[in-house]
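This report goes through selected parts of one structure, element by element. Please keep the sequence and the 3D view at hand while reading.

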Amino acid sequence: MGLLLFAGGVRPASAQDTAEEEQSGIPYEVTIEGLDGTGELKSLVEESSVLKSRIDDLPISRAALERRAREDEEIFNSVARSLGYYDAVFVPRIDEPAEPGGPVRVLVYGDPGEVYTFETVTVRTAGQNGGDGEVPAGVELPRDKLGLERGEPARSTAVVNAETTLIRLMQEQAYPLAELVERKAVIDRDAKTMDLLFRVAPNGRARYGEVTVKGNESVERDYIVRRLPWAYGEPVDIRKIDQGRRALVSTGLFDSAGIAFGDEVGPDGLLPVTVTVREHPPRSIGAGISVSTSEGLGTRAHWEHRNLFGGAEKLRTEVTVAEVETSLTGAFTVPDVLVTDQNFTVETGYVEQYTDSYDSESYKLSGRFDRRLSQALSVDYGLSLERSRIEENGSEDRYTLVGIPLGASIDTSNDLLNPTKGGRTRIKFTPYLESLGSTLSFYSTSLRHSEYYALDEEGDLVLAGRAGIGSIVGASTGNLPADKRFYAGGSGSVRGYALQSVGPLDASNDPTGGSALLDFGLELRWRVYGDFGIVPFVDAGQVYDQELPSLDEELQWAAGLGFRYFTAIGPIRADIAFPLNPRDSDDVFQVYFSLGQAF
């Protein structure tokens with residue numbers, strides 16, 4: 001004969017009990033009381049309850065039910081302590097069914113008590129002989145960065161996070177091998193507070209030592225070392241290890257890159273570093289296709305070699321065949337010219353364009369420096385030479401243009417083809433000067449910005465906006481080469497209008513382009529289900545036959561709906577757009593297909 005936990009104490013098991021146990025199991029119901037007003041504690045207790053999670057898995061005996069109740073008691077106490085309730089008490093009780101044949105009633109009563117808060121936080125160093133010492137001079141460990149502010153709830157997660165942060169802060173301040181030796185928490189039952197003591201082993205102040213490179217087969221060691229954002233003998237900062245790893249991967253030359261420290265700091269304070277890379281195949285080919293009602297069918301293909309001579313020299317050729325353009329271009333880039341992170345690119349190409357505005361044939365040659373000043377900011381400057389033949393309204397003109405393109409870009413977006421946060425800003429100024437051999441002189445300036453804001457944590461709902469402004473001074477619109485004027489309308493501009501059709505029109509309703517530009521766009525990118533999404537959008541813009549935009553002239557507005565299918569290489573885009581204030585010459589709608597978002 002067994003014994004059972006009962007509301008009134010312990011009693012002998014009856015024949016009825018034995019009969020219940022001989023069934024498939026004992027049905028029961030669970031009630032947890034006493035936690036109203038505790039918010040997160042009540043929620044976590046409910047979620048972690050074994051009695052609740054296994055209520056459909058009937059216990060085979062009263063003893064098994066008791067074990068679940070005791071297990072819940074231990075779990076609830078652990079959950080309460082993790083949130084700072086160090087006086088919490090949970091008492092489980094098993095009652096008889098409310099009516100014969102009904103489920104056994106299990107009641108768990110909780111008394112959470114008061115929440116303990118953090119009081120003092122002390123950090124000491126552990127000496128080799130077991131004694132404690134002060135934090136090394138110059139090392140700052142502000143309490144607010146540890147997340148242990150006085151008076152805040154003494155949560156265990158905050159303590160664990162503080163341990164990680166503490167070591168990280170020391171690693172950022174020349175102690176990369178620091179490790180936690182002990183964490184001691186003392187609670188004051190009367191004051192309802194917690195005092196914390198962390199003991200860390202600094203393991204030596206370190207400076208960057210010799211770099212050993214492993215795994216490189218065709219990429220030169222010197223190129224890899226130049227990508228590392230520190231100098232020999234500089235105090236170690238673990239953040240630069242992360243930056244160096246990202247810099248190596250971003251070159252496109254490596255599938256993976258790892259950076260590790262040696263086991264100990266040398267007598268001279270130097271710590272050796274090992275860089276291990278796995279090279280990516282240097283050659284690649286790619287192709288894309290686009291279709292729209294106004295621009296027709298277009299295809300583009302490229303071939304690229306990213307490590308031509310072992311120093312990450314890049315050669316890229318690209319060909320475009322479309323109804324509005326045919327081109328063949330080539331570019332050769334040499335990295336780290338004059339200074340690290342400054343590339344020099346020589347580019348040449350032949351381009352033919354066939355639009356309603358003009359037909360053109362041009363040859364281009366340019367040399368350009370691109371210098372990255374920070375992770376987000378880069379600048380570029382160079383010299384360009386263009387020879388072109390342009391046919392417009394039945395007449396043909398030939399131009400020679402020598403320009404000095406100057407630009408700056410700020411890119412804080414998180415993805416090239418499908419950004420969900422951050423922004424992109426691009427400003428470009430190009431003077432074309434007769435003194436350098438140009439047919440005429442003029443100055444072209446443009447500024448564009450796009451911003452992306454995720455409305456949910458997953459990035460499935462993103463508000464995206466863009467704005468652009470442009471101005472050309474020094475020559476009238478009619479005297480400018482047609483391919484250097486500003487245009488709006490088309491897939492990457494004001495959707496809903498035909499290619500280049502926004503702005504001034506001639507007597508045949510063909511666009512003439514202009515000397516100034518305004519354009520805007522706003523999208524709500526919603527990943528509705530799996531890899532499928534929709535994008536309602538509004539675009540607006542205008543081109544002006546004057547040097548500066550004028551708000552007195554009405555913008556051309558359009559709205560539409562896009563569909564997206566997300567792939568590993570970016571979203572496939574299909575948009576349909578309708579002019580909201582069309583002119584007589586405008587079509588009812590436009591349709592676009594391409595890879596990547598509109599902006």
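## Helix 4

Helix 4 covers residues 62–82, which makes 21 residues. At 1.5 Å a residue they should span 30 Å, and the end C-alpha atoms of helix 4 are 30 Å apart, so the two values agree. The model is a predicted one, and the values in this report are computed from it.

The buried residues of helix 4 include the charged side chains Arg62, Glu66, Arg68 and Asp72. Also buried in helix 4 are Ala64, Leu65, Ala69, Phe76, Asn77, Val79 and Ala80. Gly84 follows helix 4 and has a positive phi, near 100°.

Four strands form an open sheet with mixed pairing, in the order 7-6-9-8. Strand 7 (132–133) and strand 8 are the edge strands; each has a single partner strand, so one side of each is left without a neighbour in the sheet. Strand 8 and strand 9 run antiparallel and are joined by nine bridges. Within this pairing, Arg183 has Phe198 in strand 9 as its bridge partner. The loop between strand 8 (179–188) and strand 9 (193–201) contains Lys192. Lys192 is not a glycine, yet its phi is positive, about 60°. Most residues other than glycine have a negative phi.

Helix 6 lies across strand 6 (117–126), strand 8 and strand 9, and runs at about 35° to strand 9. Helix 6 has 17 residues, and the distance from its first C-alpha to its last is 24 Å, close to the 24 Å expected at 1.5 Å a residue. Its buried residues are Ala158, Val159, Ala162, Glu163, Leu166, Ile167, Leu169, Met170, Gln171 and Glu172. These buried residues of helix 6 pack against strand 6, strand 8 and strand 9, and also against helix 5 (143–146) and helix 8. Just after helix 6 comes Ala174, with a positive phi of about 80°.

## Helix 6 against helix 8

Two packed helices are described by the angle between their axes and the distance between the axes. For helix 6 (residues 156–172) and helix 8, the axes come within 6 Å and cross at roughly 80°. Helix 6 is therefore roughly perpendicular to helix 8.

Which residues meet where these two helices touch? From helix 6 they are Arg168, Gln171 and Glu172, and from helix 8 they are Ile238, Arg239 and Asp242. By class, this contact has four charged residues, one polar and one nonpolar. Gln171 and Glu172 also belong to the buried residues of helix 6.

## The sheet 10-12-11

An open sheet of three strands, with mixed pairing, has the order 10-12-11. Strand 10 (207–214) and strand 11 (254–261) are at its edges, each with a single partner strand, so one side of each has no neighbour in the sheet. On average, neighbouring strands of this sheet are turned by 20° against each other, direction ignored.

Strand 11 and strand 12 (residues 270–279) run antiparallel, joined by seven bridges. Ala257 has Val277 in strand 12 as its bridge partner. Helix 8 (residues 238–250) packs on this sheet and touches strand 10, strand 11 and strand 12. The direction of helix 8 makes about 160° with that of strand 11.

## Strands 19, 21 and 22

Strand 19 (residues 377–392) pairs with strand 21 (residues 406–411) in the antiparallel sense over five bridges. In this pairing Asp380 stands opposite Gly407 in strand 21. Strand 21 also pairs with strand 22 (residues 422–432), again antiparallel, over six bridges. Here the bridge partner of Ile410 is Thr425 in strand 22.

Val379 is in strand 19. Is Val379 buried or partly exposed? With a relative accessible area of 23%, Val379 is partly exposed. Leaving aside neighbours within four places in sequence, Val379 is in contact with Phe369, Asp370, Arg371, Leu373, Gly407 and Ala408. Its C-alpha atom is separated by 9.7 Å from that of Arg426, 47 residues apart along the chain.

Asn393 has a positive phi of about 55°, although it is not a glycine. At 61% relative accessibility, Asn393 counts as exposed.

Notes
Residues numbered from 1 in each chain as written. Predicted model: local features only at pLDDT ≥ 70, side-chain atom pairs only at ≥ 80, totals over all residues. Heavy atoms only, no water. Pairing = 2+ DSSP bridges. Axes fitted to C-alpha atoms, helices over the stretch in contact; angles between N-to-C directions. Contact = heavy atoms within 4.5 Å. Parallel < 35°, antiparallel > 145°, perpendicular 65-115°, else oblique. Expected span 1.5 Å × (residues − 1). Buried < 20%, exposed > 50% of the residue type's maximum accessible area, 1.4 Å probe, protein only.
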